[in-house]
Structure formats: structure tokens, C-alpha cells
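Work through the exercises below with the sequence and the model open. Try each task before you read its solution.

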Amino acid sequence: MNAIELHGVTKRYDGFLLDNVSFALPRGAILGLVGENGAGKSTTIKLIMDAIRRDAGEIRVLGEDNQSPAFRAVKEDIGVVLDEAYFPEVLNATQVGAVMKQTYQRWNDAVYMNHLKLLDIPLKKAFRDFSRGMKMKLAIAVALSHDPKLLILDEATSGLDPMVRDEILTLFNDFTRDEEHSILLSSHIVSDLEKVCDYIAFLHKGKLVLCEEKDRLLEQYAIVKMPQYALDQLPADTVVSSKSGPYAVEALVKRDRLPHGTQTEFTTLETVILFLARGGDRA
Amino acid sequence: MKGLLLKDFYTLLKQLKFYLIIIVILSVIPSMNMTSMGIVYAAMLPIAVIAFDERSKWDHLAVMMPYTRNELVLSKYLIAYIAVAVTCLISLGIQVIIGAVNGQALTMEQMLTVVLTAFACLILLAIYLPFVFWLGVERGRIVFLVLMATAFIGLMSLESIKAMMDYSTITPATLLLGGAAAVIVSNVVAVAISNRVYQRKFL
């Protein structure tokens, strides 16, 4: 069963179109929603939470249509962290806990206090005096303290120092040890997604370029470096996209189309995504 | 809803201390117009709360929590209702104490002025708050100030309530019932408009 399903979801704004997006996040998995700034990641998250109305398509979250009246109860099972949308700045962590206790039926004070301690968040300091890292950590502590089944995190790791990012990614990994728990994590920092995600959905200029298991993606594609004439001799449909350098051409290729024995470079998810984006631009 | 009200209470906590001092000062000044100013201040509190919400983009987060958009709107009206009611009680309480010290009982005119001022402020709330939801705090505040200037002239005339009552056939009961009806109708309409405006914000 899927935690999130999107079928043909479309949203049009002036100068932007989220175009016919379909993907699914299986339960127990972490799906990374990757894309450049303005690709449509935050719009997709808002649509999933029914914070904005879709123009077309269907969205189901934890088995429920997100525009049905029953979705309000489903929100009890969803922890949300948004980029640059926070608690009012005059509140402190203790007050945030008291407000959330009245918001979520399954709010657990002990779990919240434990997360605050673990993440080293001061109890009485006003939110406006928090660093961005502390703000995110508090938001994550809140998201984890009402026994959620699904976490939806929009750019939760951007702008954080590597230590804090690592700390937070460990928390996400711990969360998905329960096979009923799932995470949708949007980011433009592909290296973070590579560390924790099982699936990658790549949005580019409002279109879904791919949604694939991360490991399969790395199995499917490879980077090669060779002279242009050698690249031209590769079988048709092998090269997905390429970049010319002074001495050689770097190209993203389909591994299964490569002739046996062709030397490939060390391939990361980030390079695959970058080349796919470039290929998409040319298309 | 309790969570939203608690959040608003915490947001106003620092201001509330200042606000309580202001109400007490205004209430001990022997002029009903000054008490009226305290009630007007109470009706303004949603602007302060919405300003804090806007600054932190709280609404974007709140619509993803188990709250309906209607609850997010209604909570702002409720905070004003509670503040106006508390201010009226404090004002009347202080005047009872002052009256007791001076050996005078609270007059019908004093009570009527407080209640009618509260009604006027709640009607003012019903007019300006949909504008705040529609235009945002900055421009909504300008609408409020224009309304305030108009209302202030009206409030000044409340001083002559006793004179008006002496010469008019309108009884206090009629004034209270008419005022209450106006408050209910205007606020029901205002909440409905605010809901509609708020829904459109998240299209």
C-alpha cells in the first residue's frame, strides 16, 4: 500500500505549470523529491496537503482522498516541516509544545521533551532568537511528537550546517525503522537525498522527469568520459545527455546499452540528476 | 481550536501585560470615553496576532495541521470577543470599586455606555477584519484607522446618551436588543466573508 499517490496532478499559476505529475511513495519508504528552485517541489507538497487546490488529477494520502472530509483526521498522522514557515516568533519551545498538545490528539509530551533534549533545543528561548538550524530542529521535533505515520518535509535540510544535517538525517532513518512509517523529503541538495532515500522523484520545470528506486537509478545510468568520435560510435539511444569539455566529452549513458568493457566513471545521484536535467532542457 | 487560541494568547502575552495596565488606567480616569478606548484597543488585538502570523508564515503551516480554514478564521474573531468581554468586565469592576469608595452605585448609564461601546467595537471588528484577511495586515490597518476615526466621532456622541435617553422614546432595552442584533448579524456576515476571502488565499 502506498502512503502517497499522485495521479495526473496539474496546477497552473501565472508563469508556472505543474504538469500532469504522477508518482507514489510506498509505505515504509523514503522518497526524495528533487529539483531546482522553482521546479514545483513546494507546490507539490502543498497540493498533497490540500493547502492549495489542484486543477486536475487525484491525490491519495494514507489511503484517503485528500479533498475528502476524512482528510482532516488523516492530518493527525502526518508530521509536516516547511521551509520558511514557522511558529510565531514570540513563542518558545515550551509554548509550542503546549499549543501542539491542543492541536494533535496523540501529542506526546515525553517524546517531545526527549527530542528537544536530543536536538539540544532550549526550552525558554524565543523562536525569533533561534538560528535556522534550531528552527528546523524544533519543527522536526514537533513533527515527530504526535506519533505520525508520514513525514512531509519541505527543504528541511537546506541552509543547515553538515553536522545538523547529518543529525537530522539520522532521525529520519530511525523514523522509518517502523515499516508503517514513510517520509516524503523535498530538497535541492541531492547528496542528502542520496544518503537516506529509497526512491527519487525528479521534478524539472514543473514536469516529473523520473520517479525511480534510487539504487535502480544508479544501476540504470553511468557517466562516461571519451572523445566525441568514440561517443558517436556508441549504439543509438545510449547517450542520454552530454557535456563537452576541452579534452573529452562527459556523457550520461544507459548502462545496459553500453558495449561490454566500456570504462565508466564514478557515478553519483547528483551527476545523474544534473545530466537528466540537461537532457530535459534539450528535449 | 483550543490550540489556536492558546497560540494567540502566547503571541499576545507580552502585549497583554501592557494592555491590562492601559485598561486599568483608562478605567480609573473618570470619563466613559476613556473606558471606551480600552474596549476599542481590545477589538484591535486580532491585527497584532495576524501580524505575527504573517511574519512567520504561520498560516502556511497551520493549514497543514488538523485545522480547517474556517477554524483559523474564527479563532481571530474569538480572540477579539474574549478580549472585549474581559475588558468590559474589568472596566465595570473598577468602576464598581471606585463607586464603592465614593459611596456611589454603578449607574444604568455607565453600564449601558460600556455595553454599547462593546457592541460598537464588535461591529467595527466585523467591518475591518474581513479587510485584514483580504488585504493583509499593513493595508488592513489603514482600513481600521479610517474606521476608527469615524467610530471615534460616534463614540464621542455616546457622552450624550443620557440626554438622548431623556428625550427619546428609545428604551435601554430596545437599544441593547437592537445593538445585540446588529452585532450578531454583522459578525455572522463578517465571518462568512472572511472565510471566503481566506479560502481564496490558498487557491
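**Exercise 1. Classify an edge-to-face pair in chain B.**
Task: Are Y128(B) and F144(B) buried or exposed, and what kind of aromatic pair do they form?

Solution. The model is predicted.
- Step 1: Start with burial. Y128(B) is buried, and F144(B) is buried too.
- Step 2: Take the geometry. The ring centres of Y128(B) and F144(B) are 4.6 Å apart, with 75° between the planes.
- Step 3: Apply the cut-off. Planes over 60 degrees apart count as edge-to-face, and the pair of Y128(B) and F144(B) is edge-to-face.
- Step 4: Place the residues. Y128(B) sits in helix α5 (residues 108-135) of chain B and F144(B) in helix α6 (residues 137-157) of chain B, so the pair ties together parts 16 residues apart in sequence.

**Exercise 2. Classify a pair within one helix.**

Solution. 
- Step 1: Locate them. Both Y77(B) and Y81(B) belong to helix α4 (residues 69-102) of chain B. They are four residues apart, about one turn of the helix.
- Step 2: Read the geometry. The ring centres of Y77(B) and Y81(B) lie 6.4 Å apart and the planes stand at 50°, so this pair is tilted.
- Step 3: Check accessibility. Y77(B) has 0% relative accessibility and therefore counts as buried. Y81(B) has 25%, so Y81(B) counts as partly exposed.
- Step 4: Over all chains, the whole structure holds nine aromatic pairs. Ring pairs also join F87(A), F127(A), F130(A) and W58(B) into a cluster.

**Exercise 3. Describe the fold of chain B.**
Task: How many helices and strands does chain B have?

Solution. 
- Step 1: Count the elements. Chain B has eight helices and zero strands.
- Step 2: Write the order. From the N terminus it reads α-α-α-α-α-α-α-α.
- Step 3: Of the 203 residues in chain B, 48% are buried.
- Step 4: Take the contacts in chain B between residues at least 6 apart in sequence: 83% of them join residues at least 24 apart.

**Exercise 4. Trace strands in chain A.**
Task: In what order do the strands of the open sheet with β11, β12 and β13 of chain A run?

Solution. 
- Step 1: Set the order. Three strands of chain A form an open, antiparallel sheet, β11-β13-β12.
- Step 2: Find the edges. β11 (221-226) and β12 (239-244) of chain A each pair on one side only.
- Step 3: Six bridges join β11(A) to β13 (residues 249-254) of chain A, and A222(A) has V253(A) as its bridge partner.
- Step 4: Compare a hairpin. β9 (residues 199-204) and β10 (residues 207-213) of chain A run antiparallel, joined by six bridges. A201(A) is bridged to C211(A). Two residues separate the strands, and K205(A) takes a positive phi near 50°.

How values were computed:
Residues are numbered from 1 along each chain as its sequence is written. Chains are lettered from A and ligands numbered from 1 in the order in which they are written. This is a predicted model: local features need pLDDT of at least 70, side-chain atom pairs count only at pLDDT 80 or more; totals for chains, interfaces and linings use all residues. Side-chain values use heavy atoms; hydrogens and water are left out. Two strands pair if DSSP finds at least two bridges between them. Rings of Phe, Tyr and Trp (its six-membered ring) pair if their centres lie within 6.5 Å; planes under 30 degrees apart count as stacked, over 60 as edge-to-face and the rest as tilted. Buried means under 20% relative accessible area, exposed over 50%, partly exposed in between (1.4 Å probe, protein chains only). Contact means heavy atoms within 4.5 Å.
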